[in-house]
Amino acid sequence: MPDIQGAYARLFEKILAKKILFARVNSSTGDTGSLYSLYAKDVAEAKKMFPAQSDFSIGVALLDITDDGVAEALVLDDLPGYCGTGGCTLDIYKKQNGKWVSIYNVLAQGEIGLSNTITSGYQDLFLSVHTSGSPNTAVVRYVWDGKTYQPGEVMAVWDGTIFRTAQ
């Protein structure tokens, strides 16, 4: 069985990416509580679909991706039943007037990386995305176009055992 975690680690080192570490949040209290509250409907649905499940947490990473001294929130909605072959929903929020406002969402699978480069004021992201055909996973650089993230350069393709890069 291939070492997918090791493959991501080697790829991220090669493309100068930092793996985003998500903290598990399962309460609507504390600093990240307002983010968890945004997923109340999803949590309620997940609890109905999977009553025997005990973990209804989401992944949250607070990172300053705009280099303005204020952290944005990256939220991985990986509740039971909310991920599929295309991955899980990754939402990005910016704080405006004391409230979290969604600025981007996408399906992502596998590891999520943060680039050392900035485009139009936002750090580039490396997302594993589902593609048609075989192999069906590629790591793509996403760049901010002034309004939203757009998929850009394909950095690597999973061949079933390792990530193959163009270089």
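Modeller: Of the 23 residues in the largest nonpolar core, those touching the most other members are Leu74, Leu90, Ile92, Leu125, Leu127, Tyr142 and Tyr149. Two or more residues each come from strands S4 (72-77), S5 (88-96), S6 (99-119), S7 (122-130) and S8 (137-144), and S6 gives the largest share, 6 residues. This is a predicted model, in which local features need pLDDT of at least 70 and side-chain atom pairs count only at pLDDT 80 or more, while totals for chains, interfaces and linings use all residues. Residues are numbered from 1 along each chain as its sequence is written, and side-chain values use heavy atoms, with hydrogens and water left out.

Colleague: What makes a set of residues a nonpolar core?

Modeller: The term covers buried Ala, Val, Leu, Ile, Met, Phe, Trp, Tyr and Cys residues joined through side-chain atoms within 4.5 Å.

Colleague: With which residues is Leu127 in contact, leaving aside its neighbours within four places in sequence?

Modeller: Taking contact as heavy atoms within 4.5 Å, Leu127 meets Leu90, Val106, Ala108, Ile112, Ala138, Val139, Val140 and Tyr142.

Colleague: How do you know that a disulfide joins Cys83 to Cys88?

Modeller: A disulfide is a pair of cysteine sulfur atoms within 2.5 Å, and the S to S distance for Cys83 and Cys88 is 1.8 Å, so the pair qualifies. The link is right-handed, with 115° about the S-S bond.

Colleague: Why is Cys88 called buried?

Modeller: Buried means under 20% relative accessible area, exposed over 50%, and partly exposed in between (1.4 Å probe, protein chains only); Cys88, at 13%, is therefore buried, whereas Cys83, at 34%, counts as partly exposed.

Terms used: Helices (H or I, at least four residues) and strands (E, at least two) are DSSP runs, numbered from the N terminus.
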